[in-house]
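Work through the exercises below with the model open. Try each task before reading its solution.

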Amino acid sequence: MASLSLQGIGNSIPFSPQLKPPITTKHSFNLNQTTSPALNHTRFKLQCTHSASNANESSTRVYRRQRPKTNDQNQSSPSSKNPAISGINVDLMGLYKEGKVKEALEYMGQGVSADYVVFSALLDFCGDVKSLEDTKRVHECLRRSPYISDTELNNKLIDVYMKCGSIRDARKVFDKMPERTINLWHLMINGYAANGQGNDGMLLFDKMTKGGLQPDKETFLAVFAACASAGAVKEGLMHFKSMKDEYGIFPEIEHYLGIIDVYGRAGHLNEAEEFIQQMPFEPMVEVWEALRNFARIHGDIDLEDRLEELLVDHDPSKSTDNKLPAPPRKKDPATNMIEEKNRVFEYRCTIPYKEEAYGKLKGLNGQMREAGYVPDTRYVLHDIDQEAKEQALQYHSERLAIAYGLISTPARTTLRIMKNLRICGDCHNAIKIMSRIVGRELIVRDNKRFHHFKEGKCSCGDYW
């Protein structure tokens, strides 16, 4: 801050070296000089008038007398908070490579400029760790930068928001982009499908075609994913027919698998089998395997047995004698991460949780029982008694992560859980009931897709 002092008959105004060199105001009058009252009045009046007019002009700075700085004032000065003002040269990329991402973001938040490479690297980091809060901080810095309209960075930003499960933030960026490539439309439609909002994905496809953009093969793969997510069988078949009739695109094996997914997610297994038999080429093993998996999900044991025999004839390695999935091979134990107060906490099932989390989960278990929850012990593969199986299910790591989130965040806050394994069927049913009891949206990202649990329902439509 500038300080004001009076020296002799003139006013000397020294400035901080960060602003401007010292300036001396030469036009002044002697305070002890004897002048007429009229002249004094005129000079004071003009001076006050000039000061008032300057105060209304944004281009003119007004400097006031300051008291001597104390230690507290020095600590809160702009130069101590903002390295850009004090001229500090910060190597943001160096901080990133050293793993000091939070420190780099702090500097950027205080005004340090970042280049294209830094923004790209930080968005890659946010996508890897799926941190929504860090993504928003990078987005805010990007908004103040010259790269705000850069197509590639905005595409990456939308992709990261999708990975974090924030479809709303992704759509805001998408709507503000001046130019949208067809790959960006694909990204948004696939994002809606992955987050269980297939209807919005289909509406976005309609908007794309009405805007004059010609769809391609990749477009229809995204559209079929959206139809499958929404259970829209009729719309999926309509778009499949329009591929060849309206756009002259001949379906490939991926498109046929997309329609099988549409049928299978909706539980139309007989129609899916008929569709496979009408394919213009010999069905591959992947086709029958996809239908077999849907038969298993929907409990059609006869179809599952028949398809398994067919699969074994084509590939003996596809045999599953015990019909129970083997425990997944993994180098690390089951891991869950919960984002809380701009920090990501990692939980493993092998480490002790806080006693409060155990207590919260114990209370939730009682409420869930009253709400109709019945443990599905088929998902416990250990050879233990029934009571022990129920106990094991109650303390799966994702449930403990949710319990800790409930006691460590404000009420009604959305919880985001990231899981490195596929969520089991019993936990899926339990978290649906939890979301209704606690009145929160619980977003769980396993190694397959996002599950948005809200008011007792899941965005995946109970397909995972």
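**Exercise 1. Describe the second largest cavity.**

Solution. Start with volume: the second largest cavity holds about 30 Å³ of space. Here a cavity is a set of points on a 1 Å grid over the protein atoms alone, where a 1.4 Å probe fits but cannot get out. Grid points are joined across faces, edges and corners, and the volume is the space filled by probe spheres set on the points.

Next, list the lining, meaning residues with an atom within 4 Å of a point. The lining consists of A193, A194, N195, G196, S229, R265, R449, F450, S459 and C460. Last, sort these residues: four are nonpolar, four polar and two charged. Ala, Val, Leu, Ile, Met, Phe, Trp, Tyr, Cys and Pro count as nonpolar, Asp, Glu, Lys and Arg as charged, and the others, Gly among them, as polar.

The model is predicted, so local features need pLDDT of at least 70 and side-chain atom pairs 80 or more, while totals for chains, interfaces and linings use all residues. Residues are numbered from 1 along each chain as its sequence is written, and side-chain values use heavy atoms, with hydrogens and water left out.

**Exercise 2. Find the largest cavity and say what lines it.**

Solution. Search the whole structure: two cavities of 30 Å³ or more turn up. The largest has a volume of about 70 Å³. Its lining has 11 residues, and K130, C164, R416, M418 and F450 lie nearest the centre. Now look for elements that give two or more residues to this lining: they are β6 (415-419) and β7 (442-445). Strands are DSSP runs of E, at least two residues, and helices are runs of H or I, at least four, numbered from the N terminus. β6 gives the most, with three residues. By class, the lining has six nonpolar residues, no polar ones and five charged.

**Exercise 3. Work out how α9 and α11 are arranged.**

Solution. Take the axes of α9 (residues 151-163) and α11 (residues 182-194): they come within 10 Å and cross at roughly 10°. Axes are lines fitted to C-alpha atoms, for helices over the stretch in contact, with angles from 0 to 180 degrees between N-to-C directions. Therefore α9 is roughly parallel to α11, a term for angles under 35 degrees. Then find the contacts (heavy atoms within 4.5 Å). N155, I158, D159 and M162 of α9 meet L184, L187, M188 and G191 of α11. These residues divide into five nonpolar, two polar and one charged.

Notes
1 Å grid on protein atoms, 1.4 Å probe; cavity = no way out; pocket = protein on both sides within 12 Å on 5 of 7 lines; lining within 4 Å. Parallel < 35°, antiparallel > 145°, perpendicular 65-115°, else oblique.
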